[in-house]
Amino acid sequence: MSTFVASAQTGYTIKGQIGKLGKPAKAFLLIKLEGAEKLDSAVLVNGAFSFKGSVPSPMEATLRLKHDNSIDTPGRRIKIDGMPIILGNENITITGRDSIRTAVIKGSALTDESKRVDGLLSPIYGKLQALNKEYTDQPEAKKQDKTYILDLENRARAIEKEIFEAKINYVKQNPSKYMALMALNSTLSPGFDAIEMEKIFATISPELRNSYFGKQVSERIAAFKKTQEGVEAQDFTQPDVDGKMVKLSDYRGKYVLIDFWASWCAPCRRENPNLLRVYEQYKSKGFEVLGVSLDKAADKAKWLKAIADDKLTWKQVADLKGWENAAAAQYDVKAIPMNFLIDPSGKIIAKDLRGPALEAKVKEIFEKKSR
């Protein structure tokens with residue numbers, strides 16, 4: 001029976017026994033559910049405490065024990081110990097001598113499976129730790145040796161690839177276990193291949209895919225897929241500085257860089273001179289830039305001043321809704337500066353290009369065109 005199905009009873013019970021602790025010791029159960037935190041608490045009586053409830057599907061939770069009644073004040077360290085658990089609708093017992101952190105959990109197939117996966121990955125993560133120690137132990141001169149650093153980075157990448165492959169193999173071999181979702185989600189690091197991850201996600205059991213966490217993973221893959229290199233850029237329309245509506249599709253037939261920025265964004269402003277230099281060098285060859293500002297309506301004057309001060313001569317648009325900018329939402333922009341390079345057919349061919357990387361990519365494009 002799968003871990004997911006095994007946890008499908010109507011609710012959970014957690015019974016704890018931590019030595020003979022009593023008042024003011026207090027246990028807490030923290031669950032993050034549908035974007036909100038749910039906190040339950042229980043006073044220890046002769047070491048015993050309990051929690052009851054239900055969750056719509058397995059999820060991460062944290063058990064904590066506060067040993068005294070001190071309040072959270074600056075400069076005072078409160079004695080709190082705890083442990084993460086995978087909480088499903090199971091009957092769980094927790095037994096410890098004087099701490100939750102070192103307590104033994106029984107009855108939680110979900111947590112047992114989590115520990116099993118940790119055991120599978122631990123030797124590989126150990127290689128990374130050994131690599132870090134190797135670097136730390138080197139004399140200063142060796143740490144500055146570019147050849148050594150390059151070798152170190154290559155070895156680190158090889159280990160990271162091994163970790164990735166181990167997680168994906170676990171997912172493929174355990175499609176009905178909740179930890180398959182956890183493992184897959186942990187591989188969705190910046191730059192992940194959303195198309196490939198979508199295929200792997202589809203191999204996970206329908207029950208898990210439709211669980212609360214499964215839907216979160218699905219949405220994360222779908223959001224990233226919209227802006228993955230090789231997909232067609234989503235069209236949008238926003239007003240320019242004079243209120244004239246501008247469409248991204250107006251640039252079809254040219255290479256265009258969508259540049260998300262704001263007047264208040266210091267890194268954006270520092271990058272503008274580099275972007276201006278690349279634009280001036282290649283605009284006559286068909287390179288365009290479309291600036292999308294995340295300024296608010298109250299800061300329109302600052303936006304216009306920043307355009308003038310930084311001598312930005314390309315088209316600028318904004319709906320002046322700040323982080324709620326509609327185009328930024330379409331492109332899942334969570335931080336700025338952020339940009340997307342679109343080819344003449346309307347496909348995304350690169351993103352997050354700054355400094356030398358931007359210049360190198362644009363140079364590569366137009367050198368190929370001139371051959």
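Axes are taken here as lines fitted to C-alpha atoms, for helices over the stretch in contact, with angles running from 0 to 180 degrees between N-to-C directions. Helices (H or I, at least four residues) and strands (E, at least two) are DSSP runs numbered from the N terminus. The structure is a predicted model, in which local features need pLDDT of at least 70 and side-chain atom pairs count only at pLDDT 80 or more, while totals for chains, interfaces and linings use all residues. Residues are numbered from 1 along each chain as its sequence is written, and side-chain values use heavy atoms, with hydrogens and water left out.

Two packed helices are described by the angle between their axes and the distance between the axes. For helix 4 (residues 146-173) and helix 5, the axes come within 9 Å and cross at roughly 150°. Helix 4 and helix 5 are therefore roughly antiparallel to each other, where angles under 35 degrees count as roughly parallel, over 145 as roughly antiparallel, 65 to 115 as roughly perpendicular and the rest as oblique. On the side of helix 4 the contact (heavy atoms within 4.5 Å) is made by Lys 167, Ile 168, Tyr 170 and Val 171, and on the side of helix 5 by Met 179, Ala 180, Ala 183, Leu 184 and Ser 186. By class, this contact of helix 4 with helix 5 has seven nonpolar, one polar and one charged residues, with Ala, Val, Leu, Ile, Met, Phe, Trp, Tyr, Cys and Pro counted as nonpolar, Asp, Glu, Lys and Arg as charged, and the others, Gly among them, as polar.

Helix 5 also packs with helix 8, at an angle of about 25° and with the axes 10 Å apart. That angle makes helix 5 roughly parallel to helix 8, and the crossing of the two is left-handed. Tyr 178, Leu 181, Met 182, Leu 184 and Asn 185 of helix 5 make the contact with Phe 213, Gly 214, Val 217 and Arg 220 of helix 8; by class, these are six nonpolar, two polar and one charged residues.

Helix 8 is also packed with helix 6 (residues 194-201), the axes coming within 9 Å and crossing at roughly 155°. This makes helix 6 roughly antiparallel to helix 8, again with a left-handed crossing. Helix 6 contributes Ala 194, Ile 195, Met 197, Glu 198 and Phe 201 to the contact, and helix 8 contributes Gly 214, Val 217, Ser 218, Ile 221, Phe 224 and Lys 225. The contact of helix 6 with helix 8 comprises seven nonpolar, two polar and two charged residues.

Pockets were located on a 1 Å grid over the protein atoms alone, a pocket being an open set of points with protein on both sides within 12 Å along at least five of seven lines, whereas a cavity is a set of points where a 1.4 Å probe fits but cannot get out; lining residues have an atom within 4 Å of a point. Grid points are joined across faces, edges and corners, and a volume is the space filled by probe spheres set on the points. The largest pocket has a volume of about 490 Å³. It is lined by 22 residues, of which Pro 190, Gly 191, Phe 224, Asp 332 and Lys 351 are the closest to its centre. Helix 8 (212-225) and strand 14 (338-342) each supply at least two residues of this lining, and the largest share, three residues, comes from helix 8. The lining of the largest pocket has eleven nonpolar, four polar and seven charged residues.

The second largest pocket holds about 380 Å³ of space. Among its 19 lining residues, Ile 86, Ser 114, Asp 118, Met 179 and Met 182 are the closest to its centre. Strand 6 (80-87), helix 2 (109-136) and helix 5 (178-186) each supply at least two residues of the lining, the largest share, seven residues, coming from helix 2.

Asp 332 lies in the loop between helix 11 and strand 14, and its phi is near 50°, a positive value in a residue other than glycine. Pro 337 is placed in the loop between helix 11 (326-330) and strand 14 and is joined to Ile 336 by a cis peptide bond with omega of about 5°.

Definitions and conventions:
Left-handed = near helix turned anticlockwise from the far one by under 90°.
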